[in-house]
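Here are my notes on the model you sent over. Have the structure open while you go through them.

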Amino acid sequence: MSIVCVLLLRFALTMAAGEREALLREPAALAPEPGREQMIGEVSLAAEAFGVRAGMRLGEALARCPQLALVPPDPMGVADAWERIMARLESIGAAVESEREGLACFDAAGLRRLHGGTLDATLAATRRALGRPARLGAGPSRFTALAAAHRARVRRPEVIAGDAAAALAGEPVSLLRLRSVTSALPEPLERLGITTLGAVAALGRAHLADRFGPAGLAAHDLVRGRDESPLRPRSAGETLAEALELPEAGSGEQLERALGLLVDRLLARRELRGRTLRAVAIAARLVEGGTWRERVVFREALADPVRMRLALGRRIGLLPAPAEVLRLSVERFGPASGDQRPLLEDSAAHRAARLREAIRQARAAAGPEAALRVLEVDPGSRVPERRMVLTPFEP
């Protein structure tokens, strides 16, 4: 298996800067989004030289680099531009996984026959489809492909073949930040004097598990050239969106009516073909400049406009400024509306199965103590802690 990684460094910052390319040659960073935590986004190479990095608090970044230029974020434009790039990759037959804008991975094993029979030809086809400078890396796993892409040059792809563990041994531990499950490990590892992935591998699986738990186990797999989870490409589908230009700066009740109109228009589209909606994105172009975007995942697939308005109305209240354009787009479709669970004919066995699945998902997200029950042990005890205990809940 050969995984190909497409990496566009500082994609969000580049898109937000637009034609002001000179900003990228100076210390610059994406400003915090209005109404959210005061942390900067992607930073330019010149800003990194001052010790400024993405995710740093704004005050600390300005203290390290007083001349830092703040670029207003453009999440709406970034999402649109990245969607176009994903469509180009899918046009060559790739099933693409993307965890964030600027980073995409796909398995090239099934594409070789379509593009000359070799990995090099597949990489060349990928570059032609992108039509813009990008770093390309390939390796036997997603993490090795990521490492190769960071090592690659814009015009020269990097391919890691053979012993992946040996190829990764000299790479810095900061590469572990590229995976969410191990993103917190580089800082404690560096404090312990462990600076390379080879040194992490030398610690051994048992020591990493004892010190860092599941993150340590995942790190052990990554530095050995194995992924901690399989590739999960998205389903290539059509884009469905509705937008509305507001005649005056929209806010409050006017904005809620505009949102209701967008929901009705979206559900009336012929392309929906009776399907429900699982996730949507609300985006707005603000009167003061800049954009705002919020992704909303419904607890269950919906086709009811009233329930959708209720769910989206809370998010539209987070809009930091009046909007001049409001847009609602589908991120993910659900099953056909006729396949939704019945209200009254749901059997006890079916409900129990759904409850077990919900508990399984809760424990996967929050750990084994996410679902507990209270068990009486000694109700008459004078010590309150001895009267009852918490045990795992099994429906």
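**Notes on the model**

1. Start with arginine 179, which is buried, at 4% relative accessibility (buried means under 20% relative accessible area, exposed over 50%, partly exposed in between, with a 1.4 Å probe and protein chains only). Its salt-bridge partner is glutamate 99, with the closest N and O atoms 2.8 Å apart; a salt bridge here is a side-chain nitrogen of Lys or Arg within 4 Å of a carboxyl oxygen of Asp or Glu. The pair links distant parts of the chain, 80 residues apart: glutamate 99 sits in strand S4 (residues 96–100), and arginine 179 in the loop between helix H7 (164–168) and helix H8 (186–191). Glutamate 99 is partly exposed, at 45%.

2. Before going on, some ground rules. This is a predicted model, where local features need pLDDT of at least 70, side-chain atom pairs count only at pLDDT 80 or more, and totals for chains, interfaces and linings use all residues. Residues are numbered from 1 along each chain as its sequence is written, and side-chain values use heavy atoms, with hydrogens and water left out. Helices (H or I, at least four residues) and strands (E, at least two) are DSSP runs, numbered from the N terminus.

3. How many salt bridges does the structure hold? The count is 18. One of them joins glutamate 331 and arginine 293, at 2.7 Å from N to O. Glutamate 331 is in strand S11 (residues 323–336) and arginine 293 in strand S10 (residues 291–302), so this pair ties together parts 38 residues apart in sequence. Arginine 293 is buried at 18%, while glutamate 331 is partly exposed at 34%. Elsewhere, salt bridges with shared partners join Glu99, Arg179 and Glu228 into one network.

4. Another salt bridge pairs glutamate 158 with arginine 151, at 3.5 Å from N to O. Both ends are partly exposed: glutamate 158 has a relative accessible area of 24%, and arginine 151 has 34%.

5. Now look at serine 381, in the loop between S12 and helix H15 (384–387). Is serine 381 buried or exposed? Serine 381 is buried, with a relative accessible area of 10%. A polar atom of its side chain lies 3.1 Å from the backbone nitrogen of valine 383. Leaving aside neighbours within four places in sequence, serine 381 is in contact (heavy atoms within 4.5 Å) with Arg386 and Arg387.

6. Valine 374, in strand S12, is exposed, with a relative accessible area of 52%.

7. Last, the record: UniProt (unreviewed entry) places the feature "domain: UmuC" at residues 3–97. That span is 36% helix and 14% strand, and its end C-alpha atoms lie 11 Å apart.

Notes
UniProt positions renumbered as here; feature names shortened; annotations may be inferred. Polar contact = N/O pair within 3.5 Å; in protein donor to acceptor, adjacent residues only side chain to side chain.
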